Amino acid sequence: MGVLSEMADFPLRRTEPISEATSQVQVWNWAQNAPLGPRARLQRPKDEDELRRIILHRSGRIRPIGSTLSTGDLLAIQHQQDTLIEISALTGLIRSSETSATFAAGTPLHEVYQTLKTMGRMLHASPGVIAIQTLAGAIATGTHGQGLGQGALADDVLHIRMLCADGTVAEFDRAHPWFGAVQLGLGCLGVITEITLRTVPLTVFTCFKSAVSADGLQEQIYTWNNAFTFNKAWWFPEDDRVHVWCSRAATAQEQQRYDAGDGDAVALSAGDSSLNATVDQTLAHMHNDTRILGQEGRHFATVTRFKDFTDTTGDIYQLFCRGIAAPQINVEIGIPLARAGKTIAQIKQWVAEAHPHMHYPIILRCTGPSSAWLSPAWQQPTCFFGFVVYYADNGTLSSDGIAFLQEVEKRLAALGGRPHWGKYYHPALYRWRELYSRWDDFRQVRAALDPTGAFSNAFTDRLLEGE
């Protein structure tokens, strides 16, 4: 029996829309393709003391759910006595210094970014696309941006305050021997209540957008990332074209133009139409797959924007925090940067031979090494390959889209890829101990901090306790 036939499928259907009556009974993840547990088992503590009481008086297990953007497997509870914890009341700036800022762990990233901007500060790490995540959830699942000079968001963390299963407070700074485990803990070590982040002066950047041939993409991915502070690319392998963003600190003149405005990003130039035919073909694929009517939907806007080649000056959040358009299955696999060119070449060969059906380009983002033990970029620069399939109006996924995701994940896993924890992947494809040298160390920290598995669920049990 092949490995794919032994794996659970991606969620093939979502509930669209969820009725008010259903939402009163069940908590769903953001994509609405998995129920997380009965709404009666959802707790929203107003402060740390109330959270402690919930933990101490629990009758089963506890799962923090953040903003519910992760997969249902990672977030869901299993038994009627288990509890879902949502810490959205634990929000806001707690304190700050010249080089750091401490936020309550339930603060959404967009609030973190905006607060820092008003202070003339920013994170050293490039932001991810999605800013509705809670800070704790983004840390726990390895959220990252792009740029070899920085790692994941977790790598900007200086200090973590966490409530343990016995109600005690545990605090971790970068000198703590377990810090690398707590940085990216998958929500199964405790409930984080405060996070202190390293900050740097707010910088304005200019982002240059272009369309190029993918003939030399195996080499260009290194050139772009070494030459620019931040780089992101969307690869259309069927047409062998790439939409590229390269960003560096603004020049004095660009900074002056930005400062003369009212804080909005400043458009510098536009006019390239060389990718329009490729974008139109991709939109046609999306129409056929999703059967969504009209071209003004959120799904189509994410692809139509690839016709835009407007160079732009703005802060890093204005340039890269584009939000998430519509429910989707998103697979993202980190490949050691040294093997990124080989991986691109293999995908090219596969596309040329099999002509897999896609309705979204392959997303390429590279980061520097991470100090989090379970980061896909643990101790090495990494290129993340992202793949997206949108849901249709009737809540289904196309069979071609699913076949594409399964095959591309299998191929990247065979090349030593590590999946993004908060996105979709098939655990049976990965040999975790071979991929993560600190895998067993993480398990030991988990056993020490949470010996009864109070913060685990069936999925994390299988993941961490399996041999």
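1. Cys 366 stands opposite Cys 383 in β19. Another pair across these strands is Leu 364, whose bridge partner in β19 is Phe 385. Strand β18 (residues 362-367) and strand β19 (residues 382-390) run antiparallel and are joined by five bridges. Two strands count as paired if DSSP finds at least two bridges between them. Strands (E, at least two residues) and helices (H or I, at least four residues) are DSSP runs, numbered from the N terminus.

2. The model is predicted: local features need pLDDT of at least 70 and side-chain atom pairs count only at pLDDT 80 or more, while totals for chains, interfaces and linings use all residues. Residues are numbered from 1 along each chain as its sequence is written, and side-chain values use heavy atoms, with hydrogens and water left out.

3. On its other pairing, β18 meets β13 in the antiparallel sense over four bridges. Here Trp 234 stands opposite Ile 363 in β18. Ile 362, Leu 364 and Cys 366 point one way from β18, and Ile 363, Arg 365 and Thr 367 point the other way. In a regular strand the side chains alternate between the two faces of the sheet. Six of the six residues of β18 are buried, so the strand is largely enclosed by the rest of the structure. Buried means under 20% relative accessible area, exposed over 50%, and partly exposed in between (1.4 Å probe, protein chains only).

4. Where do these strands belong? They are part of an open sheet of nine strands with antiparallel pairing, in the order β15-β16-β12-β14-β13-β18-β19-β17-β20. The edge strands are β15 (266-269) and β20 (418-419), each of which pairs on one side only.

5. Helix α8 (residues 252-260) lies across β12 (204-213), β14 (241-249), β15 and β16 (311-315), and runs at about 135° to β15. Helix α12 (residues 340-354) packs on the sheet and touches β13 (230-236), β17 (328-336), β18 and β19; its direction makes about 35° with that of β19. Contact means heavy atoms within 4.5 Å. Axes are lines fitted to C-alpha atoms, for helices over the stretch in contact, and angles run from 0 to 180 degrees between N-to-C directions.

6. Helix α12 also packs with helix α7 (residues 217-227), at an angle of about 145° and with the axes 8 Å apart. The contact is made by Leu 217, Gln 218, Ile 221 and Tyr 222 of α7, together with Ala 340, Gly 341, Ile 344, Ala 345 and Lys 348 of α12. By class, this contact has six nonpolar, two polar and one charged residues. In this scheme Ala, Val, Leu, Ile, Met, Phe, Trp, Tyr, Cys and Pro count as nonpolar, Asp, Glu, Lys and Arg as charged, and the others, Gly among them, as polar.

7. Two loop residues deserve a look for their backbone angles. His 355 lies in the loop between α12 and β18. Its phi is near 50°, a positive value in a residue other than glycine. At 59% relative accessibility, His 355 counts as exposed. Asp 240, in the loop between β13 and β14, has a positive phi of about 55° although it is not a glycine. Asp 240 is partly exposed, with a relative accessible area of 21%.

8. There is also an open sheet of three strands, with parallel pairing and the order β3-β5-β4. β3 (42-43) and β4 (62-64) stand at the edges with a single partner strand each, so one side of each is left without a neighbour in the sheet. β4 pairs with strand β5 (residues 83-85) in the parallel sense over three bridges, and Arg 63 stands opposite Leu 84 in β5. Helix α2 (residues 48-56) packs on this sheet, touching β3, β4 and β5, and its direction makes about 160° with that of β5.

9. Arg 446 has its place in helix α15 (residues 439-449). Is this residue buried or exposed? Arg 446 is buried, with a relative accessible area of 8%. Not counting residues up to four places away in sequence, Arg 446 touches Cys 188, Leu 189, Pro 451, Ser 456, Asp 461, Leu 464 and Glu 465.

10. For the chain as a whole, there are 16 helices and 20 strands. Buried residues make up 58% of the 467 residues. Among contacts between residues at least 6 apart in sequence, 70% join residues at least 24 apart.
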